[in-house]
Amino acid sequence: MRLALRQAGKALAAGEVPVGAVVVMDGRVAGEGFNQPIVSRDPTAHAEVIAMRAAASAVGNYRLTGATVYVTVEPCLMCVGAMVHARIGLVVFGAAEPKAGALASMTRAHELPGLNHRLTTVGGVLADESRALLQTFFQERR
């Protein structure tokens with residue numbers, strides 16, 4: 001999670017909402033990313049998606065079966081959908097996202113009937129550090 005926090009710091013420095021993510025497979029970092037929708041002009045350029053793209057490229061397969069995603073903020077609906085399609089095994093997140101969090105806060109999208117894959121989730125890991133980055137970002141914006 002500390003590596004994901006470092007990625008979130010890169011997002012903060014770039015003027016993006018500070019969210020960072022890391023994909024770990026077989027005990028190694030396979031991909032990492034930070035939020036970049038503003039600079040990339042890409043609404044799908046969330047930290048989780050960028051990290052999964054990097055991991056898929058590194059392993060040569062869009063299926064990241066059994067991988068763990070560490071992300072500083074609870075993922076949104078789009079990112080949870082991408083994780084289901086990638087066959088992620090475990091998602092570990094920091095701060096809850098009450099408005100858009102799709103694992104615990106707004107909805108539990110990974111538990112929807114009809115999905116052909118289930119994610120395991122753990123929330124609240126280094127949540128204070130993750131939340132502090134978000135608060136810094138939004139305080140500077142006001």
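Which hand does the crossing of α3 and α4 have? In this predicted model, the crossing of these two helices is left-handed. Two packed helices are described by the angle between their axes and by the distance between those axes. Helix α3, spanning residues 47–59, packs against helix α4, residues 77–86, at an angle of about 25 degrees, and their axes lie 9 Å apart. Because angles under 35 degrees count as roughly parallel, α3 and α4 are roughly parallel to each other. On the α3 side the contact is made by Glu48, Val49 and Met52, while α4 contributes Met78, Cys79, Ala82, Met83 and Ala86. Sorted by class, this contact holds 7 nonpolar residues, no polar residues and 1 charged residue.

In soluble globular proteins, nonpolar side chains tend to be buried together. The largest nonpolar core here has 30 residues, of which Val23, Leu64, Met83, Ile88 and Leu119 touch the most other members. The elements that give two or more residues to this core are β1 (20–25), α3, β3 (68–73), α4 and β4 (90–95), and α3 gives the most, with 6 residues. Apart from this core lies another, of 5 residues, among them Ala4, Val22, Val24 and Val92.

Turning to helix α1 (residues 2–13), one finds Gln7 within it. Gln7 is buried, with a relative accessible area of 5%, and, not counting residues up to four places away in sequence, Gln7 touches Gly20, Ala21, Glu32, Gly33 and Phe34.

Note on methods. Residues are numbered from 1 along each chain as its sequence is written. This is a predicted model: local features need pLDDT of at least 70, side-chain atom pairs count only at pLDDT 80 or more; totals for chains, interfaces and linings use all residues. Side-chain values use heavy atoms; hydrogens and water are left out. Axes are lines fitted to C-alpha atoms, for helices over the stretch in contact, and angles run from 0 to 180 degrees between N-to-C directions. Helices (H or I, at least four residues) and strands (E, at least two) are DSSP runs, numbered from the N terminus. Angles under 35 degrees count as roughly parallel, over 145 as roughly antiparallel, 65 to 115 as roughly perpendicular and the rest as oblique. A crossing is left-handed if the near helix is turned anticlockwise from the far one by less than a right angle, and right-handed if clockwise. Contact means heavy atoms within 4.5 Å. Ala, Val, Leu, Ile, Met, Phe, Trp, Tyr, Cys and Pro count as nonpolar, Asp, Glu, Lys and Arg as charged, and the others, Gly among them, as polar. Buried means under 20% relative accessible area, exposed over 50%, partly exposed in between (1.4 Å probe, protein chains only). A nonpolar core is a set of buried Ala, Val, Leu, Ile, Met, Phe, Trp, Tyr and Cys residues joined through side-chain atoms within 4.5 Å.
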